[in-house]
Amino acid sequence: MRSALARTGAAVAVAALLTSCSGGGESTEEPKGLTVAEACGGFAGDAAATAALKAVLGGERFQDFFSKPDKALSGLRDAAAAPWADSYRPQPVTYCGLRPAEGGTKDLKIEVNAVGKGPYLGPELAKSVTSYTSGIEAFSSEGLGHVYFSCRLKAPAHPIVVETTIWGPAGTPDTDLDRRTHLITLANAAARQISAELGCQGDKLATGVPAARS
């Protein structure tokens, strides 16, 4: 009897030891990927942009996808300092690239560039996009959005127009009007962050979700 009790007690002790070592079967591994606050400098930190980012890419965490924010900002500063001519065409640079942390085919890319004077939305394109009130011009389809804003820097730099372009995941139905608002919200949030980092004046960018033009 005593031998049986001893064996039972030893078994309970071993089980308790194994449970304490394994943490009760619960994983203590840290979640992978970047939080919204960490992704691309936290540009999507306000509630509207956070909701839009999660709606477009899904999930709570993300991985960087060839973002080059320093190069993008440097290019805009160079454009503001350079003499403009018909042959001067700065190339767009990826300010922010993101994918879901768990992988997959979804990705999001935000490019910035200095461009000439508008208008940027022609009559034919206007039929297939939704226009929004932000900056100089803002419009979006289900897979692509643009926000244009004026940036006045300190002399001797001259004013420039910054084009913020967002490319969303492919395969979104043309009837998904919510996706247009999600994309323009993210493009506008990135534009606001870029404007703040450059020290732009008079950008006239909207806060939160840009309002659709009637």
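Phe 66 sits in the loop between strand 1 and helix 3; helices (H or I, at least four residues) and strands (E, at least two) are DSSP runs, numbered from the N terminus. This is a predicted model, where local features need pLDDT of at least 70, side-chain atom pairs count only at pLDDT 80 or more, and totals for chains, interfaces and linings use all residues. Residues are numbered from 1 along each chain as its sequence is written, and side-chain values use heavy atoms, with hydrogens and water left out.

Back to that loop. Phe 66 is not a glycine, yet its phi is positive, at about 65 degrees. Lys 204, in the loop between helix 5 and strand 8, also has a positive phi without being a glycine. Here are the two side by side; for accessibility, buried means under 20% relative accessible area, exposed over 50%, and partly exposed in between (1.4 Å probe, protein chains only).

| Residue | Phi | Relative accessible area |
|---|---|---|
| Phe 66 | about 65 degrees | 62%, exposed |
| Lys 204 | near 55 degrees | 69%, exposed |

Pro 119 belongs to the loop between strand 3 and helix 4 (123-126).

Eight strands form an open sheet in the order 1-2-3-7-6-5-4-8, with antiparallel pairing; two strands pair if DSSP finds at least two bridges between them. Strand 1 (62-64) and strand 8 (211-212) are at the edges with a single partner strand each, so one side of each has no neighbour in the sheet. Starting from strand 1, three bridges pair it with strand 2 in the antiparallel sense, and Gln 63 stands opposite Arg 99 in strand 2. Strand 2 then pairs with strand 3, also antiparallel, over five bridges, with Gly 97 opposite Lys 109 in strand 3. Strand 2 is largely enclosed by the rest of the structure, because seven of its eight residues are buried. Further along, strand 6 and strand 7 run antiparallel and are joined by eight bridges; Phe 149 stands opposite Val 162 in strand 7.

What about the helices? Helix 5 lies across strands including strand 2, strand 3 and strand 6, and runs at about 30 degrees to strand 6. (Axes are lines fitted to C-alpha atoms, for helices over the stretch in contact, and angles run from 0 to 180 degrees between N-to-C directions.) Helix 3 packs against helix 5 at an angle of about 60 degrees, their axes 11 Å apart. That makes helix 3 oblique to helix 5, since angles under 35 degrees count as roughly parallel, over 145 as roughly antiparallel, 65 to 115 as roughly perpendicular and the rest as oblique. Where they meet, Leu 73, Leu 76 and Arg 77 of helix 3 contact Ile 194, Glu 197 and Leu 198 of helix 5 (contact means heavy atoms within 4.5 Å).

Finally, the inside. A nonpolar core is a set of buried Ala, Val, Leu, Ile, Met, Phe, Trp, Tyr and Cys residues joined through side-chain atoms within 4.5 Å. The largest one here has 44 residues, and Phe 43, Leu 53, Leu 98 and Leu 186 have the most contacts inside it. Which helix gives the most to this core? That's helix 5, with nine residues. Leu 186 touches residues including Phe 43, Leu 53, Ile 110 and Ile 166, leaving aside residues up to four places away in sequence. A second, separate core has six residues, among them Val 115, Tyr 120, Phe 139 and Tyr 148.
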